[in-house]
Amino acid sequence: MDVAALGYPRVLANTGLVAVFFLGLAGLAALFDRWRARREAPVSAESKRPALRGGPDR
């Protein structure tokens, strides 16, 4: 990105395109994460309970 060779408008346009590209990738990653979370088996209420410390005799 040589401003002297390309000029500010072209350099800013290139920078904007790169930013849009990476924001698009981040959006796709977020959508993929949501898609994977929906495909997993639902978590039961039993597994959400905190584990007891020290076993049954405490």
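In which helix is V18 found? V18 sits in helix α2, which spans residues 8-39. Helices here are DSSP runs of H or I with at least four residues, strands are runs of E with at least two, and both are numbered from the N terminus.

This is a predicted model, where local features need pLDDT of at least 70, side-chain atom pairs count only at pLDDT 80 or more, and totals for chains, interfaces and linings use all residues. Residues are numbered from 1 along each chain as its sequence is written, and side-chain values use heavy atoms, without hydrogens and water.

The chain has three helices and zero strands. Its pattern along the sequence is α-α-α. The mean pLDDT (the predictor's confidence in each residue, from 0 to 100) is 84 for the chain. Of its residues, 69% reach 70 or more.

Of the 58 residues, 2% count as buried. Buried means under 20% relative accessible area, exposed over 50%, and partly exposed in between (1.4 Å probe, protein chains only).

| Residue | Relative accessibility | Class |
|---|---|---|
| V18 | 41% | partly exposed |
| F21 | 51% | exposed |
| F22 | 52% | exposed |

Now the aromatic rings. Rings of Phe, Tyr and Trp (its six-membered ring) pair if their centres lie within 6.5 Å; planes under 30 degrees apart count as stacked, over 60 as edge-to-face and the rest as tilted. The count by this rule is two aromatic pairs. The ring centres of F21 and F22 lie 5.4 Å apart with planes at 75°, so this pair is edge-to-face.
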